[in-house]
Amino acid sequence: MHKLLTIDDSKTIRLILARAFKDYACTLVEAANGEEGLKAAAEHKPDVIILDITMPHMDGIEMLTRLRNTGDKTPVIMLTAEGGATSVEKAQHLGVSDYIGKPFQNEAIVEKVQKVIPLAKKAA
Amino acid sequence: MPTPLTEDLFKECIEQAVQKVFSTMIRKNAVPVHGSSPVPTTDPWARPADLGGIVAVGNVGFAGDISGLVFIYLSESFAHIIVQGMLGMSEQEAAEAGREVASDVIGELTNMTVGTFKNRIHDLGYPCKLTIPTVVWGADIAIQPPRGATRRTYIFSVEGHSVIADLIFKED
């Protein structure tokens with residue numbers, strides 16, 4: 001069973017993602033900011049991280065920088081409203097696998113994850 | 001060299017942002033009803049009839065080469081419809097979820113709208129970053145822009161529900 005870690009301060013986004021992946025063979029772990037995300041990444045060893053940029057306490061760019069500094073190479077997909085060219089370039093330098101801007105459709109985020117891991121639908 | 005920000009460009013950017021967010025997240029069309037080009041003003045906008053009671057006001061700012069605040073106003077009843085649409089809830093589930101969940105949903109809707117608007121402005125040559133969203137609820141909420149700020153107000157109709165995007169820019 002694949003494991004996805006979603007890091008976003010918005011409970012709404014975490015609920016939307018839970019709904020998007022409910023029919024897929026994966027478990028979701030949630031974190032509300034970069035600090036919680038780092039702990040969750042170390043504890044749960046996810047297959048993919050879906051990461052927001054603008055968050056309180058520790059933002060996504062700082063979290064990703066710290067994660068990479070530990071040698072962790074978990075694929076990261078940025079899911080953010082902060083989509084200016086500068087932020088996207090900065091994220092790319094940190095080895096982000098893909099990027100999706102908010103607003104987004106559920107199918108789009110599932111498709112991005114499936115490009116990184118072979119995520120299949122749950123058996124009926 | 002940054003592209004000069006004309007009134008038409010402001011209008012185009014905010015219209016595209018509001019329309020994209022509502023069509024993507026709740027599959028509803030937002031139709032601009034503010035006329036051809038709102039004139040910058042410091043006066044408050046005329047409140048549409050359906051925003052006469054309790055309203056939710058989402059706010060996200062942006063700071064950088066251009067700085068400002070965007071407030072999104074909508075009625076409490078429309079906020080509950082948005083909760084249903086974004087979270088896939090029934091009317092009853094949305095009502096039971098309460099104000100805390102509705103605030104988070106309206107905060108995220110505002111974040112997406114201002115983010116889409118801001119990203120366009122950013123790529124026109126005005127780099128800036130978003131702030132964390134806040135949401136307040138109440139009747140007769142009126143935002144007074146600080147002295148020297150310019151206000152632009154845009155009104156949309158989403159299946160008969162009014163949505164106000166109130167942009168306040170700091171002038172250098």
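Trainee: Before we look at the two chains, what is a polar contact?

Mentor: Happy to start there! Within protein, one atom of the pair must be able to donate a hydrogen and the other to accept it. Beyond that, a polar contact is a pair of N or O atoms within 3.5 Å.

Trainee: How many residue pairs are in polar contact between chain B and chain A?

Mentor: Keep in mind that this is a predicted model, and that both residues of a pair need pLDDT 80 or more to be counted. With that condition, the count between chain B and chain A is 9 residue pairs.

Trainee: What area is buried between chain B and chain A?

Mentor: Good one! The size of an interface is often given as the accessible area lost when the parts come together. Here the contact takes 24 residues from chain B and 23 residues from chain A. Carbon and sulfur atoms give 55% of the buried area, which is about 1900 Å².

Trainee: How many salt bridges does the rule find across the interface of chain B and chain A?

Mentor: Side chains of opposite charge can pair when their charged atoms come close. One pair is B:Glu108 with A:Lys102, whose closest N and O atoms are 3.3 Å apart. Another is B:Lys118 with A:Glu82, at 2.3 Å; this pair runs from helix α3 of chain B to the loop between β4 (76–80) and α4 (85–93) of chain A. Across this interface the rule finds 2 salt bridges.

Trainee: What is the volume of the largest pocket?

Mentor: Look at who lines the pocket: residues of both chains, including A:Ile16, A:Phe104, B:Met25 and B:Met86. In chain A, α1 (11–20) and α5 (106–116) each supply at least two lining residues, as do α1 and α2 of chain B. By class, the lining has 4 nonpolar, 4 polar and 3 charged residues. The volume is about 190 Å³.

Trainee: Which side chain makes a polar contact with the side chain of A:Asp98?

Mentor: Find A:Asp98 in strand β5 (residues 98–101) of chain A. Leaving out residues up to four places away in sequence, A:Asp98 touches A:Val76, A:Ile77, A:Met78, A:Lys112 and A:Lys115. The polar contact, at 3.4 Å, is with A:Lys112.

Methods:
Residues numbered from 1 in each chain as written. Chains lettered and ligands numbered in written order. Predicted model: local features only at pLDDT ≥ 70, side-chain atom pairs only at ≥ 80, totals over all residues. Heavy atoms only, no water. Contact = heavy atoms within 4.5 Å. Buried area = accessible area lost by both parts, 1.4 Å probe. Salt bridge = Lys/Arg side-chain N within 4 Å of Asp/Glu carboxyl O. 1 Å grid on protein atoms, 1.4 Å probe; cavity = no way out; pocket = protein on both sides within 12 Å on 5 of 7 lines; lining within 4 Å. Points joined across faces, edges and corners; volume = space filled by probe spheres on them. Helix = DSSP H or I, 4+ residues; strand = E, 2+ residues; numbered from the N terminus. Nonpolar A, V, L, I, M, F, W, Y, C, P; charged D, E, K, R; others polar.
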